[in-house]
Amino acid sequence: MKTTVAAQRLYTPLEEILDPLLVVEDGVISEVSSRAGKQVPANTALIDFGDAVLSPGFFDIHIHGGAGLDVMRATPSELPRLGRFLAAHGVTSFFPTTVAASLDVTCAALERMADAIEAPQSPGATNGGSVQARPQGIHLEGPFLSHKRRGVHPPEYLLSPTVEVFDRLWQAARGHVRVITIAPELPGALEVIAEAVRRGVCISIGHSDAQLPSAQAAVEAGASHATHTFNAMRPLDHRDPGIIAEVLTDERITADIIADGIHVSPDVVKLFLHAKGRDRAVLITDAISATGMPDGQYQLGPIQVEVREGKCTANGSLAGSVLTMDRAVRNAMQFSSWSLRDAVRAATLNPARTVGMASHQGVLAPGASADFTVLSKNGDVLKTIIAGRGF
Ligand SMILES: [Zn+2]
């Protein structure tokens with residue numbers, strides 16, 4: 001089946017195409033071009049989104065839940081509900097993210113996540129039914145985190161990094177671990193970083209009290225990203241720079257931020273976007289089960305969280321967010337001077353590159369999965385298409 005899509009503009013996102021045509025065949029993009037001087041291919045359905053913008057689907061590499069579901073507790077049959085909620089906010093791919101819990105509980109959760117990733121990935125119904133964002137890999141946030149910068153991760157479940165523990169988690173996840181957040185200053189961290197990089201995992205430094213030299217050593221060992229910059233990190237001091245100076249200035253690494261205006265002040269989000277730039281800034285949500293739900297009590301793995309007026313706390317510390325990716329994109333524009341295209345890039349191509357999946361995710365190009373979001377020029381989600389379905 002062949003479908004041709006038109007709109008006012010399209011972000012690949014490296015390029016902006018005015019008056020674009022996007023051709024989808026069997027769930028994959030076969031052509032991206034300008035409509036100028038072109039005939040719409042005969043015997044294909046043309047769907048014209050008028051003055052809308054076509055963007056790659058958003059890719060959230062750090063999310064704990066939403067729509068009342070916690071990814072560590074959800075069964076594979078419940079996950080589609082989360083997938084539908086995320087798709088409604090423009091997300092087409094996500095990495096379910098763990099929090100520190102007992103090894104047995106973590107391994108059981110990883111097995112369920114692996115089941116969901118390996119399940120035949122139906123994007124959902126065709127006839128007007130809602131599509132589902134797809135889990136594409138796992139982010140391990142913990143157990144190798146700093147006690148001092150653990151945030152709400154329970155201290156009794158934090159572990160010293162060892163290749164043995166990493167391998168146990170890796171086996172439980174059947175090799176679907178794609179990101180690990182690790183505090184590089186912990187004894188044993190560099191060995192785990194080297195081994196995980198060897199297995200193709202993106203190492204993200206975070207939940208860390210590292211001084212500058214240990215953050216630099218982590219990058220030398222292969223770390224390539226940083227987790228929720230500023231949050232759960234040794235603060236920047238102009239005479240004692242620490243990990244944040246490395247994260248903001250090293251062009252070898254990308255970094256992400258929670259742009260909800262609560263975790264980091266809007267002006268510091270602007271500073272971050274300026275420092276990392278259009279090539280290296282990544283937006284995440286760090287969203288928990290309460291996202292899209294009323295205020296109240298919610299679970300984040302083993303942690304009880306209270307949500308009031310959009311703020312998630314546990315024992316007085318911030319505990320994830322209720323941010324959605326479409327709002328993160330709009331906030332990035334509002335907090336800085338970035339255009340919609342720049343902000344979209346930080347939610348699509350940049351995260352896909354960070355985790356090594358940009359050949360088929362996060363881009364609108366021939367050969368990529370036909371995962372895209374139809375946006376208003378203000379960044380509101382009008383429609384989400386996954387594997388060519390959802391029109
Ligand atoms: Zn998190």
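Biologist: Which residues does Thr97 touch, not counting residues up to four places away in sequence?
Modeller: Ile61, His62, Ile63, His64, Val71, His139 and Glu141. Touching here is contact, which means heavy atoms within 4.5 Å. Bear in mind that this is a predicted model, where local features need pLDDT of at least 70 and side-chain atom pairs count only at pLDDT 80 or more, while totals for chains, interfaces and linings use all residues. Residues are numbered from 1 along each chain as its sequence is written, and side-chain values use heavy atoms, with hydrogens and water left out.

Biologist: Why does Thr97 count as buried?
Modeller: Its relative accessibility is 1%. Buried means under 20% relative accessible area, exposed over 50%, and partly exposed in between (1.4 Å probe, protein chains only), so Thr97 qualifies. Ala101, at 7%, passes the test as well. Both Thr97 and Ala101 sit in the loop between S11 and H2. Helices (H or I, at least four residues) and strands (E, at least two) are DSSP runs, numbered from the N terminus.

Biologist: What makes His62, His64, Glu141 and Asp286 the residues that coordinate the zinc ion?
Modeller: Distance. Donors are N, O and S atoms within 2.8 Å of the metal (3.2 Å for Na, K and Ca), and water is not among the atoms, so sites may look incomplete. Here the donor atoms, NE2 of both histidines, OE of Glu141 and OD of Asp286, lie at 2.0 to 2.2 Å. His64 is in the loop between S8 and S9, and Glu141 is in S13, so this pair ties together parts 77 residues apart in sequence. His64 and Glu141 are buried too.

Biologist: Why is the zinc site called irregular?
Modeller: Angles among its 4 donor atoms run from 84 to 170°. Four donors are tetrahedral if all angles lie between 85 and 135 degrees; four are square planar and six octahedral if opposite donors are over 155 degrees apart and all others between 65 and 115; anything else is irregular.

Biologist: What makes S19 an edge strand?
Modeller: S19 pairs on one side only. Strands pair if DSSP finds at least two bridges between them; S19 and S20 have 5, so they qualify.
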